[in-house]
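Please open the structure in a viewer and keep the selection panel at hand.

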Amino acid sequence: MRSALLRTPAVRQLTARRFASSTPNATSEVSTKAQDASKKAQDAAKVAAEKLGAAASGLGRSLMKVGGRTGKLIHSASAMAPTIGYYSRVGLELSKLVFHGQGMTPPKAEVFKATFSPLLKNLRAAPFATLSTLISPKTVVSRARNISRTQLAQSGVIVAEVIGFFTIGEIIGRRKLVGYRSNN
């Protein structure tokens, strides 16, 4: 009998109305609290950013007061900072496109270890106090006499590549194939 009473349309409307009336109030309270918390977090972030910006600008102002060569260096570095930041982000995005476009994967840690372990071993074996003896004229001449033909050919190819890249860079930079621009 009780279950039949609950199935009547009037009871269903009453319970639906009761639940429906309490649900929006609870939802609006939660959303209001969430908005308040979000606003407080944004305000705290703004205050922190303002304090950090004030500290950075104070440091920047004090560095700008430095004179001489150091001041010139600081001024030129601060003038180039936005440009360097922009082009570094562009280069990073371009390298990501190339990296993913070519299906490249970064090398494994073992490859790095195998590549750089001989270099690190040589650096650890030769103390810096004896570095001048490693570059003495006698050792340079003895090493030059003991160069094989393959090492000489490899060195020649590398030197030719460096000169070629430098020359092409100069041509691009001057926008001319021969000579520098003159004022005449």
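Helices are DSSP runs of H or I with at least four residues, strands are runs of E with at least two, and both are numbered from the N terminus. The model is a predicted one, in which local features need pLDDT of at least 70, side-chain atom pairs count only at pLDDT 80 or more, and totals for chains, interfaces and linings use all residues. Residues are numbered from 1 along each chain as its sequence is written, and side-chain values use heavy atoms, with hydrogens and water left out.

**Helix H4**

Select residues 109-125, which make up helix H4. Leu-123 belongs to this helix. With a relative accessible area of 46%, Leu-123 is partly exposed (buried is under 20%, exposed over 50%, partly exposed in between, with a 1.4 Å probe and protein chains only).

**Aromatic pairs**

How many aromatic pairs does a search of the whole structure find? The search finds two. Rings of Phe, Tyr and Trp (its six-membered ring) pair if their centres lie within 6.5 Å; planes under 30 degrees apart count as stacked, over 60 as edge-to-face, and the rest as tilted.

Select Tyr-86 and Tyr-87, whose pair is edge-to-face, at 5.0 Å centre to centre with 75° between the planes. Tyr-86 is partly exposed at 45% relative accessible area, whereas Tyr-87 is exposed at 54%.

Return to Phe-112 and Phe-116: their ring centres are 6.3 Å apart and their planes stand at 10°, so this pair is stacked. The two residues are four apart in helix H4, about one turn of the helix. Both are partly exposed, Phe-112 at 45% and Phe-116 at 41%.

**Helix H3**

Finally, select helix H3, residues 68-101, and within it Glu-93 and Lys-96, which are three residues apart, about one turn of the helix. Their side chains meet in a salt bridge, at 3.6 Å from N to O. The term requires a side-chain nitrogen of Lys or Arg within 4 Å of a carboxyl oxygen of Asp or Glu, and the count comes to one. Glu-93 is partly exposed at 43% relative accessibility, and Lys-96 is partly exposed at 39%.
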